[in-house]
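Biologist: I would like to learn to read this structure feature by feature. Where do we begin?

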Amino acid sequence: MGMAQTAAPEPVKIGVIGPFSGPSSDFGKPMLQGIELAIDEINAVGGYLGRPLALVVKDDEGKPDVGLRGAQELVRERVVATLGFCNTGVALKAIPVFQHSESPLIVPCAAGAPVTAQTPAPDSYVFRNAPSDAIQAPFVVNDLVRRGWTRVAIFADTTPYGEAGLQDVQAALATHRIKPVHVARFDLGVKDLSDALRQARDAGANVVFSYTVGPENAVIAKGRQAIKWDVPQVGGWPLSFPFFIQGAKAAAEGAMMAQSFIAEPSNERRAAFLSAFARKHQQAITVPMAAAQGYDAAYLLAHALFSLRNGRFPGPAVKAALENLPRTYYGVVATYEKPFSRDDKEAMTTNMLVMGMVRDGKVTFAYPEDAKRNLMVQRKPRP
């Protein structure tokens with residue numbers, strides 16, 4: 001007689017949704033890779049009380065309708081919570097599904113300010129550990145003002161991300177009593193923006209602030225180069241994507257953007273993350289910020305689940321656990337001490353940001369003093 005077979009412990013299902021194919025897979029894939037690394041590490045030390053964490057992965061292709069379907073499938077499959085979304089427009093279409101089903105969602109990637117503003121915070125099931133454009137835009141604007149680059153041309157695409165970003169930049173400029181000297185809007189897929197760039201140049205702009213996620217950032221950079229207009233290009237974190245850096249090549253050099261994580265081993269935690277990532281995925285991280293925020297999101301969720309000891313995970317209980325994380329999580333991007341609360345669903349604060357700069361085709365610190373400050377991992381200021 002063989003040994004009696006004990007039933008395998010039932011896995012704890014966690015949803016993951018994002019653009020894992022299509023034009024936005026540039027930042028969807030590294031987000032997924034960061035999540036997978038964290039889940040592997042957690043399972044290696046016993047998962048949840050001996051039950052493995054199992055990912056249920058849905059590809060939204062960067063399309064709102066596909067994302068909506070994926071969200072519905074995840075809720076039907078009774079995941080305990082979902083990590084995901086890179087595109088603001090896709091997130092906005094799918095969020096009502098999670099909210100209505102009382103199924104928690106942590107957004108490690110999509111930055112548009114409206115993502116966490118669909119429902120009043122106390123009732124909201126949508127958490128985020130990506131820096132909102134509501135903090136990225138003012139952070140970059142403050143840097144421009146410090147440098148004297150105050151004749152700003154804004155180039156924003158017509159997606160919900162571009163629309164919200166444009167409003168955030170204009171609001172941030174207004175606090176310094178500055179109006180943009182030129183605003184250009186364009187559709188995704190545009191291949192030539194030289195007319196708009198000439199208009200911005202003729203308006204006297206001394207910096208271009210771009211708000212778009214894809215190859216269009218490179219179209220702007222190469223267009224500037226083509227008309228021999230040598231001004232800096234700045235923006236939110238998409239200027240750290242391969243779409244831009246590899247797409248624009250020499251024209252990308254010197255571009256500056258808000259970053260929460262720069263892939264340099266500036267402390268032990270980050271060094272360990274970078275080497276573990278390289279071991280697991282056999283490649284360098286294409287968008288370090290997406291990978292690091294994905295990784296931290298998975299751990300934040302795991303810590304919330306660990307605080308529920310009875311093995312049952314109804315949505316309201318997981319939501320409350322995220323809002324009252326009992327212990328500090330020493331993450332890669334930040335040190336998360338009470339990252340969320342009933343009234344605050346944003347884990348990221350301005351002090352966690354640094355200015356990144358494209359140098360020799362890689363993103364590094366724009367300021368040497370940021371590299372020093374980055375040895376210390378930042379925490380959310382106490383209310």
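Modeller: This is a predicted model. Begin with Thr 335 and its contacts. Leaving out residues up to four places away in sequence, Thr 335 touches Arg 269, Thr 328, Tyr 329, Tyr 330, Val 377, Gln 378, Arg 379 and Lys 380.

Biologist: Where is Thr 335 found? And is Thr 335 buried or exposed?

Modeller: Thr 335 is found in strand 12, residues 335-336. The cut-off for buried is under 20% relative accessible area. Thr 335 is at 4%, so it counts as buried.

Biologist: Arg 379 is one of those contacts. What does Arg 379 itself touch?

Modeller: Set aside the neighbours within four places in sequence. Arg 379 is then in contact with Thr 328, Tyr 330, Thr 335, Glu 337, Thr 349, Asn 351 and Met 352. With Glu 337 there is also a polar contact: the two side chains are joined at 3.0 Å.

Biologist: Where is the place of Arg 379, and how is its accessibility classed?

Modeller: Arg 379 is in the segment after helix 12 (368-373). Its relative accessible area is 35%, so Arg 379 is partly exposed. That class runs between 20% and 50%.

Biologist: Tell me about Asn 217. In which helix does it lie, and is it buried or exposed?

Modeller: Asn 217 lies in helix 7. Its relative accessible area is 1%, so it is buried. Beyond residues up to four places away in sequence, Asn 217 touches Ser 210, Thr 212, Gln 233, Pro 238, Leu 239 and Phe 244.

Biologist: How do I read the sides of a helix?

Modeller: General idea: an α-helix has 3.6 residues a turn, so residues three or four places apart point the same way. Now the case here. In helix 6 (residues 194-202), the buried residues include Ser 194, Ala 196, Leu 197 and Ala 200. Their arc around the axis is only 160°, so they lie on the same side of helix 6. Asp 195 and Asp 202 are exposed on the other side.

Biologist: What do the buried residues of helix 6 pack against?

Modeller: They pack against strand 6 (152-157), strand 7 (182-186) and helix 7 (216-226).

Biologist: And what follows helix 6?

Modeller: Gly 204 does, with a positive phi near 90°.

Biologist: Which residues other than glycine have a positive phi?

Modeller: Glu 102 is one of them, with a positive phi of about 50°. Glu 102 sits in the loop between helix 3 and strand 4 (105-107). At 40% relative accessibility, Glu 102 is partly exposed. Lys 249 is another case, with phi near 45°. Lys 249 sits in the loop between helix 8 and strand 10 (256-259). Its relative accessible area is 60%, so Lys 249 is exposed.

Biologist: Back to helix 3. What is Gln 99 in contact with there?

Modeller: Gln 99 has its place in helix 3, residues 88-100. Beyond its neighbours within four places in sequence, Gln 99 is in contact with Thr 119, Asp 123, Ser 124, Tyr 125 and Val 126. Its relative accessible area is 16%, so Gln 99 is buried.

Biologist: What is the volume of the largest pocket?

Modeller: The largest pocket has about 460 Å³. Of its 21 lining residues, the closest to the centre are Ala 263, Ile 285, Thr 286, Pro 288 and Lys 362. Helix 8 (242-248), helix 9 (268-281) and strand 14 (362-365) each give two or more residues to the lining.

Biologist: How does the lining of the largest pocket divide?

Modeller: Into 12 nonpolar, seven polar and two charged residues.

How values were computed: Residues numbered from 1 in each chain as written. Predicted model: local features only at pLDDT ≥ 70, side-chain atom pairs only at ≥ 80, totals over all residues. Heavy atoms only, no water. Helix = DSSP H or I, 4+ residues; strand = E, 2+ residues; numbered from the N terminus. Buried < 20%, exposed > 50% of the residue type's maximum accessible area, 1.4 Å probe, protein only. Contact = heavy atoms within 4.5 Å. Arc of directions from axis to C-beta. Polar contact = N/O pair within 3.5 Å; in protein donor to acceptor, adjacent residues only side chain to side chain. 1 Å grid on protein atoms, 1.4 Å probe; cavity = no way out; pocket = protein on both sides within 12 Å on 5 of 7 lines; lining within 4 Å. Points joined across faces, edges and corners; volume = space filled by probe spheres on them. Nonpolar A, V, L, I, M, F, W, Y, C, P; charged D, E, K, R; others polar.
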